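Let's take a walk through this model together. Have it open beside you as you read.

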Amino acid sequence: MSPPSSSNLPNLLRRLLHDRLARTSRALNHYRQHPTPSSLHDLRTDLRKARLHLILAAKQLPPRKSRATAEALRELNRHLGPLRDLDVVALTLKRLSIKHPPVSALLPTLKPRLARDRVNARRSVKSFLTSTGSHTLENILTHSPRPLPAPLLPLHASWTAEQIRKAIRRIRRARQTSTSTHSETLHDLRIRMRRTRLILDMAQPPLTPRQKKLIPRIRAAEKTLGKLHDLDMTLAWLAAGSEPGRAPLKQRLNRQRRKLLARFRAHWKELPKSFQP
């Protein structure tokens, strides 16, 4: 199938957005029926992709519809976030107890609070999914057309190539934050890096030889920041409690954090000179 002309691009962007919203609707319905950590993760992944598609297609939509859709997606993400964070904390503690048996002795003192927090977070999500805000979101999702047949129509080559260039420039502009140790600052940098991957998942733009070398390095750094963020969420959750015996666990997590931070900086140094602070 030949690439569409630039005159067809606005319509194609709208169709791809509607396809992504339809996929998000299916993920939401699946989570309603099977509210597991796995289905929640899948829903959040579809939600991130839908929000990116909306950003890229926003100029092709009526402003009021674009704002309403963005707000509905943002509100759902806001309610799902705390529960997903707690799922990550539970998984991080479980992995740590397997790799380091002494940690498993501390888990019985942490499990009651973690279980209570997860129950409360699930209740919050359930409350939202029965609220007016959820009904607004469902109206937006269910009025999207059926998904496009596979394979999806290719996007205009020059447009997708420009989106990749813009995403890479956004990362380069944030290069000063690569030396930070602050969790929120590094997470913001990770979001910029993730956008490159999401665009590549959305389409297959023609990459230059330089980009073919650059993008795997960006992905390696992004993956390391993801692991670092998981540790930061776990450390924040531990700090909010008062259980005895947390100090050795926090020390071990902080040691792992320092190792991941060093690994991230090693990945960053492999990026071209223009990315260096």
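Predicted model: local features only at pLDDT ≥ 70, side-chain atom pairs only at ≥ 80, totals over all residues.

Residues are numbered from 1 along each chain as its sequence is written, and side-chain values use heavy atoms, with hydrogens and water left out.

Start with helix H8 (residues 183-202) and helix H9 (residues 209-239), which pack at an angle of about 135° with their axes 9 Å apart. Helices here are DSSP runs (H or I, at least four residues), numbered from the N terminus. The axes are lines fitted to C-alpha atoms over the stretch in contact, and angles run from 0 to 180 degrees between N-to-C directions. H8 and H9 are therefore oblique to each other (under 35 degrees would be roughly parallel, over 145 roughly antiparallel, 65 to 115 roughly perpendicular, and the rest is oblique). Their contact (heavy atoms within 4.5 Å) involves, among others, Leu186, Arg190 and Arg197 of H8 and Ile218, Glu222 and Leu225 of H9. By class, the contact has nine nonpolar, five polar and seven charged residues. In that scheme Ala, Val, Leu, Ile, Met, Phe, Trp, Tyr, Cys and Pro are nonpolar, Asp, Glu, Lys and Arg are charged, and the others, Gly among them, are polar.

On a 1 Å grid over the protein atoms alone, a cavity is a set of points where a 1.4 Å probe fits but cannot get out, while a pocket is an open set with protein on both sides within 12 Å along at least five of seven lines; lining residues have an atom within 4 Å of a point. Grid points are joined across faces, edges and corners, and a volume is the space filled by probe spheres set on the points.

The largest pocket has a volume of about 1600 Å³. Of its 49 lining residues, Arg190, Arg194, Gly226, His229 and Asp230 are the closest to the centre. H3 gives the largest share of the lining, 13 residues. The lining as a whole divides into 14 nonpolar, 11 polar and 24 charged residues.

What about cavities? The count comes to two of 30 Å³ or more. The largest cavity, about 50 Å³, is lined by residues including Tyr31, Leu83 and Arg122, and five of its lining residues are nonpolar. The second largest cavity holds about 40 Å³ and brings us back to the helix pair, as H8 and H9 each supply at least two lining residues. Among those lining residues are Ser183, His187 and Asp232, and H9 gives the largest share, four residues.
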